[in-house]
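Welcome! Let's take a friendly walk through one protein chain, a topic at a time. Keep the structure open beside you as you read.

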Amino acid sequence: MPVAWRSKHSQSRSSGLGSEGERRSKKVMQWAMGITGGAIAIFAAHPVMALMTSVGEAGIDALRLHAEPYGLTGRKIAIGQVEIGRPSVFGLDKAAPENFVVRVNQVFFQDSLPGADELVDGHAANVASVMISRDKGLTGVAPDARLYASAIGLLGRSGQPEECLASQTVASQNGDDVRAINFSFGESLIRDPRPNPQLDGNALLTQCIDWSSNEHGVLYVIAGNQGRGGIPIPTDHFNGMTVSNSREVDGQFNKVDFSSLSSEPEILIGRSPDTESNVGDRRSISLVAPGTDIRMINPDGRTTRSTGTSFAAPHVTAMVALLQEYGDRQLRNQAANWSLDSRNPQVMRAIMMNSADKLQDLGDGLNLGMARTLFDHRNRSWVELDAYTDRTRSLSAALGTGHLNAYRAYEQFSAGQWNSTGVVPAMGWDYHTVSNTNEASEYQDYVIGSPLQQGSYFSATLSWSRKVTLNDSNGNEIYDLGETFTDEGLNNLNLYLMPADSDDIDDNLWSSVSAVDSVEHIFHRIPETGQYKIRVVYDDQVNTPMQPYALAWWGVPGQINE
């Protein structure tokens, strides 16, 4: 029995190989699919190109960024992948010469090089193709990105230490410069070795990726599976993003798929999913991306069509490569309002979450140019859910902050970095610190220079990290098998939208004041054209007195009639 399983509802197939590596690969696939109840589906070539659709305008609209004048394809940007198996590699595996369109930079088995054909897996290959396929008909999100992948393989009773080791291996590649790592697999609580395990953020693997995010400067993107026998570890992380999958309705990916499991799954007769949901009021879903009926590429170059959060997550992971290519271009050109802060994983999280689609714009820009209205399982939009009306709910249980939109994420990012020392434009982002000491302010104000238009929506997202430390028993400053981590806790920040001329926080128009999340999010309609500001407040210190944060905001400039 394996220690880790891929997305509960994913479907995939292994390629045809002919060696001991093939037998091990097939064993990984069969055991994993058998445990999760997933079906192995084999599809021949088919004229419907769902991957192209999911990457195109009906999906995340990344193909627009591939074309001129943007020319963003992920060039020179490294991203990663950790799974049970791995994609095939040219020069190592028999299947690879038949696959000229998914070129992986390097593969590993945990922290070492794998043998020929060892642990080559269809599911891992499918996920890789979503990210980096160069096929003209099935183009990936970031076809020119550098992909590094590590396989977990068949392990013993507990695989989390080895999974942590594999994650560290991938995060350390490309000169310790991997910008995002995809997890299209997870661990069951049943196999967690802790007594009475819960989704409290303290499974070893969950702590590991939060530590690695800070240590290696990488954004971890996790397939979202909680409840009803899901694979929830490490969806209870704090520092990365958990992704749910959408399906296509009337030619657009605009509804959360029934196969997706949210952070508050419904109770079924005779059993409760509570033990596989986050402890307390924390919610897990950050973002929604296409993941239903996605056509992808197998290790041998043949195509398959599958469904699951496994295939939604890589849309988000590869999106980081497009944004980072643009960011590095700005750095090379010494662009104004730009700095190395653009590489911070919390900035990436704030950018993609703040620019997500919620309500389709009617053409007047008042809905921030959003491309779709996103619906949950019960056909409810954002404004019908508690996250819209409850200040303590920064995320929707099923929608996160909305649906990934590549072009709008580019617009949000390209607006540039603006700090709180002066007035800021109606759209921008920042990476800064707020302090809980007498020597520095307990809040930062961002005064928006232009008035905001009455009737328009204003969106702002605040993101920061939990602190996790490595108990480094041998002092070598890297994780080794047998070592553990310590949760240092999460400082509590809050976010407010206020009149620009007020210093009384009680005058706020709206706020996001979750006591348990590492994200605060405001999506609020402006009641009257006027001058406004954003306030970031350090509310409660749990560890360090200085807390770095990322902030992204988007408003509609208006004009005050004298």
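Two residues are in contact when heavy atoms of theirs lie within 4.5 Å. Keep in mind that this is a predicted model. With that rule in hand, we can look at Leu 65: setting aside neighbours within four places in sequence, it is in contact with Tyr 70, Gly 71, Leu 72, Met 319, Leu 322, Ala 406, Tyr 407 and Tyr 410.

**The nonpolar cores**

- In soluble globular proteins, nonpolar side chains tend to be buried together.
- Here, the largest nonpolar core has 67 residues.
- Leu 65 is among the residues with the most contacts inside this core, along with Ile 79, Val 316, Met 319, Met 352 and Phe 413.
- Helix α8 gives the most to this core, with eleven residues.
- Another core, of 26 residues, lies apart from the largest one, and its members include Phe 238, Val 424, Ala 426 and Tyr 532.

- How do the axes of helix α8 and helix α9 cross? The axes of α8 (residues 309-332) and α9 (residues 345-354) come within 11 Å and cross at roughly 105°.
- Angles of 65 to 115 degrees count as roughly perpendicular, and α8 and α9 are therefore roughly perpendicular to each other.
- On the α8 side, the contact is made by Val 316, Met 319, Val 320, Leu 323 and Gln 324, while α9 brings Met 348, Ile 351 and Met 352.
- Sorted by class, this contact of α8 with α9 has seven nonpolar residues, one polar residue and no charged ones.

**The disulfide**

- How many disulfides are there? The count comes to one.
- Cys 164 and Cys 208 form it, with their sulfur atoms 2.1 Å apart.
- The torsion about their S-S bond is about 85°, so the disulfide is right-handed.
- This pair links distant parts of the chain: Cys 164 sits in helix α5 (residues 160-171) and Cys 208 in helix α7 (residues 204-216), 44 residues apart.
- Both Cys 164 and Cys 208 are buried.

**A glutamine in a loop**

- Gln 417 lies in the loop between α11 (406-414) and β13 (427-435).
- Is Gln 417 buried or exposed? Residues under 20% relative accessible area count as buried, and Gln 417, with 12%, is therefore buried.
- Gln 417 and Asp 341 are 76 residues apart in sequence, yet 8.6 Å apart in space, C-alpha to C-alpha.
- Beyond its neighbours within four places in sequence, Gln 417 is in contact with Asn 337, Trp 338, Ser 339, Asp 341, Trp 429, Asp 430 and Tyr 431.

Definitions and conventions. Residues numbered from 1 in each chain as written. Predicted model: local features only at pLDDT ≥ 70, side-chain atom pairs only at ≥ 80, totals over all residues. Heavy atoms only, no water. Axes fitted to C-alpha atoms, helices over the stretch in contact; angles between N-to-C directions. Helix = DSSP H or I, 4+ residues; strand = E, 2+ residues; numbered from the N terminus. Parallel < 35°, antiparallel > 145°, perpendicular 65-115°, else oblique. Nonpolar A, V, L, I, M, F, W, Y, C, P; charged D, E, K, R; others polar. Disulfide = S-S within 2.5 Å. Buried < 20%, exposed > 50% of the residue type's maximum accessible area, 1.4 Å probe, protein only. Core = buried A, V, L, I, M, F, W, Y, C linked by side-chain atoms within 4.5 Å.
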